[in-house]
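Subject: Structure handover

Hello,

Here is the structure I said I would pass on. My notes on it follow below.

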Amino acid sequence: MDVYQKYKKWIITASILFVIIGFYYYFHTDSAPSEVMNPQVELEDPPVLNELENPPAENIKKDIADSMLVVDIKGAIKQPGVYELQTGARVHQLIDLAGGLLNDADELAINLAAPLEDGMAIYIPKKGEETTNQFRLPTGHEEGQEKGKVNINLATSDELQSLTGIGPSKAEAIIAYREENGPFTSPEGLLEVSGIGEKSFEKIKEEITIK
């Protein structure tokens, strides 16, 4: 007992230190992460762009070119020349683009609502000037067109009245129909025009063309 009493302080102090050290190592080890995270994160492959959503530039240029038409306008117009317009444009839009008609232009001889076609040449006549057709299709179209036939997609009221059995009212009905519905895709399309039946069509089917 004398030895214990003699080293009592040191024994107690050592015991306390041992307990403190034990707690320190216990809690330090317990709070350490159980596993080391891999700092290298696996990245997903970049998404592949869908060609339909992001078409090549060449396709975009082609689509733009396909949606345009080139038309030549001459005669009694302020700025005659070759112009580019959107597909589906009408004669009045081309005239506006070319600066408008001259004062001596025969506006009554022109169908301002007629649809334009790529490669078309349009001649604006002066008042009193006689011309058979102000609308000329490209050379390829003219070569394929039968001589002497009336193009029901381009003909004026006077030209339509040259057809057998077609008077002013029927001519205007044909023009109104194509302005509202677009060019005829076949000669038989005339049967859709009010006032033109099977008998009327039989009389003129050899006199007309759509090209």
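Is isoleucine 16 buried, partly exposed or exposed? With a relative accessibility of 48%, isoleucine 16 is partly exposed (buried means under 20% relative accessible area, exposed over 50%, partly exposed in between, with a 1.4 Å probe and protein chains only).

On conventions, this is a predicted model in which local features need pLDDT of at least 70 and side-chain atom pairs count only at pLDDT 80 or more, while totals for chains, interfaces and linings use all residues. Residues are numbered from 1 along each chain as its sequence is written, and side-chain values use heavy atoms, with hydrogens and water left out.

Surface patch

Isoleucine 16 sits in helix 2, residues 8-31 (helices are DSSP runs of H or I with at least four residues, strands are runs of E with at least two, and both are numbered from the N terminus). Together with Ile12, Leu17, Ile20 and Ile21, Ile16 makes a nonpolar surface patch of about 460 Å². Patches are made of residues with over 30% relative accessible area and no salt bridge; like charges are joined within 9 Å, and nonpolar side chains (Val, Leu, Ile, Met, Phe, Trp, Tyr) within 5 Å. The areas come from the Shrake-Rupley method with a 1.4 Å probe, and for residues only the protein chains shown count as cover.

Salt bridges

The count is 2 salt bridges, where a side-chain nitrogen of Lys or Arg must lie within 4 Å of a carboxyl oxygen of Asp or Glu. Aspartate 72 pairs with lysine 74, with 1.9 Å between the closest N and O atoms. Aspartate 72 is buried at 18% relative accessible area, whereas lysine 74 is partly exposed at 41%. Glutamate 202 pairs with lysine 205, with the closest N and O atoms 3.1 Å apart. Here glutamate 202 is partly exposed at 44%, and lysine 205 is partly exposed at 33%.

Annotated spans

An unreviewed UniProt entry places "domain: Helix-hairpin-helix DNA-binding motif class" at residues 158-177 and 188-207; positions are in the numbering used here, feature names are shortened, and annotations may be inferred rather than shown by experiment. Residues 158-177 are 65% helix and 0% strand, with end C-alpha atoms 16 Å apart. Residues 188-207 are 35% helix and 0% strand, with end C-alpha atoms 13 Å apart.

Leucine 160

Leucine 160 belongs to helix 6, residues 157-160, and is buried at 0% relative accessible area. Beyond its neighbours within four places in sequence, leucine 160 has contacts (heavy atoms within 4.5 Å) that include Val150, Ile166 and Ala171. Leucine 160 and alanine 171 are 11 residues apart in sequence and 5.5 Å apart C-alpha to C-alpha.

Regards
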